[in-house]
Structures are given as structure tokens and as C-alpha cells.
Amino acid sequence: MSSKMQSSNNIAHARRTVQQLRIEASIERIKVSKASADLMHYCGEHAKYDPLLMGIPASENPFKDKKPCTIL
Amino acid sequence: MGEMEELRKEADNLKDQITEARKVVQDTTLQEAVAGTTLVGRVQLKTRKTLRGHLAKIYAMHWGTDTKLCVSASQDGKLIVWDTLTTNKVNAIPLKSSWVMTCAYAPSGNMVACGGLDNMCSIYNLKGKDGNVKVMRELAAHTGYLSCCRFLSDSEIITSSGDCTCILWDIETGTEKTIFAGHLGDCMSLAVSPDFKMFISGACDFTAKLWDIREATCRQTFSGHESDINAIGFFPNGNAVITGSDDATCKLYDLRADQELITYQDSGIMCGVTSLAPSLSGRLLLAGYDDFNVNIWDMLKAERVGVLAGHDNRVSCIGVSSDGMACCTGSWDSFLKIWN
């Protein structure tokens with residue numbers, strides 16, 4: 001690659017980088033306090049539906065092998 | 001080189017602007033915000049099933065949306081679709097290339113996909129007329145290994161590659177719809193947002209990028225990791241992203257605040273994170289590590305609340321079923337385990 005091609009490639013790459021950074025710099029941001037509160041709220045609202053968090057009673061666990069019962 | 005110098009200056013200015021803008025909204029930290037929240041009690045999950053059948057290292061697994069089937073990929077050259085309740089093999093699909101690194105189940109349950117060092121993503125139709133599972137499409141365009149793939153539907157799939165790009169494919173025509181370029185290192189992992197409008201990618205340039213699928217643009221870039229990002233996932237509400245890295249930590253980044261909220265690390269953990277999955281509510285983060293274990297983290301308090309120890313080699317993949325009832329781990333020891 002000639003050095004002219006190389007430097008125009010570098011410039012093209014630098015232009016793309018600046019273009020991308022402009023996009024990323026322009027977004028709207030919310031406060032961390034609000035972001036944290038929303039995450040905490042979501043966890044709180046959905047906790048009772050989370051089997052791995054709440055534990056699964058044996059009778060409702062489709063993966064638990066049912067032991068055979070003996071009637072005495 | 002006047003223009004080059006100007007561009008470099010503008011880039012540096014913009015980076016400083018972003019850093020400043022992130023600081024401006026940092027009125028607290030997640031750590032402070034959850035100070036009053038009680039730590040989750042110790043989580044102890046048991047192995048309920050062991051899926052035996054692969055003859056070599058398992059590199060990937062993915063749950064089907066029906067919550068009882070899953071697909072796994074091993075370098076024994078097979079994709080196996082398992083009924084996790086009975087441990088029966090529903091399909092055992094021989095692959096053209098045994099160097100597979102990823103697999104995915106279509107949300108419809110009609111197809112599975114895989115790929116690896118062959119640089120291609122192969123799509124298999126599970127519901128063919130004569131009952132045989134055949135290759136439906138071979139998606140070839142990447143110039144590097146296929147590290148991850150995820151279906152958007154039966155007609156679209158997104159792939160990530162060692163060639164530093166991600167591609168959105170039209171499965172019917174077998175062609176690239178959109179190429180997502182921007183990472184400066186191998187793309188290792190991707191995850192699709194719950195609303196299917198965005199996806200995130202983690203790469204060997206130590207960053208995670210958020211992409212708008214239809215606009216075909218990179219919206220945000222997240223830094224902070226000190227080594228390759230191997231695993232990535234969305235928090236269940238789609239507003240935050242979790243990453244796992246060779247730097248032995250996982251991080252939580254909030255999309256709307258555009259910054260890292262917390263790091264999951266422990267001085268006792270010195271090996272890389274290979275895989276991760278949140279529990280249904282997002283309160284638990286299950287992460288697989290090179291030291292053969294899975295650590296379970298309280299996602300809000302960033303403390304370890306459990307360990308899954310049961311594999312005899314690296315845990316390479318992990319997934320939580322869509323109803324949250326079970327976690328599946330896959331390992332280089334050739335077994336998959338179902339825990340809850």
C-alpha cells in the first residue's frame with residue numbers, strides 16, 4: 001500500500017471515529033439515582049416470581065426426581 | 001497532516017465530553033443506593049440432572065423458549081438437542097466442522113444454529129418434512145471465527161466474529177443485511193435486548209457496544225474492563241448490560257445513565273469469566289469461571305451468595321431457562337448440568 005493510500009485510510013478511520021464519538025456524546029443521560037432506583041424496583045417487583053431466588057418446593061419442581069412412595 | 005491532527009484533537013475533546021457528561025449524572029452510586037437493602041440469603045442450588053453424551057469439550061448451550069429443551073455444541077462435532085426433564089436426546093446433529101464455538105435455538109423452536117472456526121453460521125431445520133435434521137443455510141461472509149449467534153426470528157440471525165464485526169443476516173436469502181463494524185478486537189459474545197430492537201456485543205478490545213439493529217448504528221460504548229470481554233447479557237428489563245471478562249470481574253452498565261454501576265469482584269477470584277446469565281428477576285447473577293465453578297452474585301449488593309461446584313473442568317457456558325426455573329451449565333468436562 002502506498003503511503004498516500006495508507007494516510008488517506010488513516011484519515012478515513014479518524015473521521016469515522018470522530019463521527020461515532022459525536023453520536024455517543026449526544027445521547028441523553030438519566031441520573032444514576034434514578035437508574036439505581038429503577039433496577040431495585042424491578043428486582044423487588046419480580047423477586048417473588050424468581051424460582052432460583054425464592055427456592056422451589058419439591059412438589060412443584062419438574063426437575064426433581066420424585067421418589068417412589070411406599071404405602072405401609 | 002493538518003487534518004489528522006485536528007481529527008485527533010476533536011476525538012479527544014469528544015471523549016472528555018463523554019466522561020464529563022457521565023460524571024454530571026453520577027449523583028450517587030449503586031452501592032450507596034442499595035445500602036439499606038438486605039443481602040440475599042445464601043443460595044444453594046443442587047444438580048437435578050446431568051446430561052451425558054458429548055465426547056469432548058462443550059463450548060456452548062442455549063435454552064429453547066419452551067423452557068424444557070436446550071441445545072448444546074461440543075468439539076466432538078455434534079449439536080445435541082436435549083429434553084432436560086427426561087435427559088433424552090431429541091436430536092443429535094453431526095456437524096461438517098467439529099470446531100464449533102457457539103450454538104443458538106430459534107425462539108420458534110423450529111431451528112438451531114452453530115458456527116466456529118469454519119467462519120460460518122450453519123442453520124439447521126429441526127422440523128423438516130421427513131423428520132431428518134438438515135442444514136438449511138450456511139451463512140458465509142465473516143473473515144474470522146464465529147464466536148456467538150442469536151436468532152431474532154426464523155428469518156433473521158445476528159452473529160459475532162473474530163473478524164471484529166457482527167452481522168445481521170437474512171436467513172432465507174443467506175445474505176448479509178447489515179454489518180456492524182466498530183470494535184477494535186475480536187467480538188466474543190452478543191445478546192439481544194428483550195424487545196429485539198437492540199443488541200450488545202463484548203469484544204477483545206475490552207469494550208461492550210450497544211447497537212440499534214434497524215438504524216444499523218452503534219449507540220453507546222462501555223469501557224472499564226482490563227481484558228477481553230467473553231460474556232455479555234441484558235438485565236431482564238433491558239435497561240442494563242452485564243459483562244464478564246478475562247480480568248476476573250463482571251460489570252453492570254446502565255444504558256440510560258450510560259455508565260458502569262458496579263463491579264462484581266473478589267480478591268479470591270483470579271481467573272477469567274467465561275459465561276453469565278441473570279436469574280428471572282435480575283437479582284441474581286450466575287457467572288461461570290475458568291476455575292471450574294459458577295459464582296452466584298447478589299446483583300444489587302455485588303456480593304457472592306453462592307457457588308455451584310460440580311464440574312471437573314472449565315464452565316464454558318451457562319443459561320437460565322425463560323421461566324427462571326432452572327440454570328444449565330456446560331463444561332469442558334463434556335457434561336451439562338441442570339441446577340435449581
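Predicted model: local features only at pLDDT ≥ 70, side-chain atom pairs only at ≥ 80, totals over all residues.
Colleague: How far apart are the end C-alpha atoms of residues 4–31 of chain B?
Modeller: Helices (H or I, at least four residues) and strands (E, at least two) are DSSP runs numbered from the N terminus. The span is 82% helix and 0% strand. Its end C-alpha atoms are separated by 42 Å.

Colleague: What should helix α1 of chain B span at 1.5 Å a residue?
Modeller: Helix α1 of chain B takes in residues 2–24, which is 23 residues. The expected span is 1.5 Å times one less than that number.

Colleague: Which residues of α1(B) are buried?
Modeller: Buried means under 20% relative accessible area, exposed over 50% and partly exposed in between, with a 1.4 Å probe and protein chains only. In an α-helix, residues three or four places apart point the same way, because there are 3.6 residues a turn. In α1(B), the buried residues are B:Met4, B:Leu7, B:Ala11, B:Leu14 and B:Ile18.

Colleague: Is B:Gly41 buried or partly exposed?
Modeller: B:Gly41 sits in the loop between α2 (30–33) and β1 (47–51) of chain B. Because its relative accessibility is 46%, B:Gly41 counts as partly exposed.

Colleague: How many residues of chain A are in contact with chain B?
Modeller: Contact means heavy atoms within 4.5 Å. On the chain B side 64 residues take part, and on the chain A side 41 residues.

Colleague: How many salt bridges are there between chain B and chain A?
Modeller: A salt bridge puts a side-chain nitrogen of Lys or Arg within 4 Å of a carboxyl oxygen of Asp or Glu. One of them joins A:Arg15 to B:Glu3, with the closest N and O atoms 2.9 Å apart. Between the two chains the count is four.

Colleague: Which element gives the most to the side of chain B that touches chain A?
Modeller: Several elements of chain B each supply at least two residues to that side, including α2, β1 and β17 (217–222). With eleven residues, the one that gives the most is α1(B).

Colleague: How many helices does chain A have?
Modeller: From the N terminus on, its elements run α-α-α. Chain A has zero strands, and its helices number three.

Notes: Residues numbered from 1 in each chain as written. Chains lettered and ligands numbered in written order. Heavy atoms only, no water.
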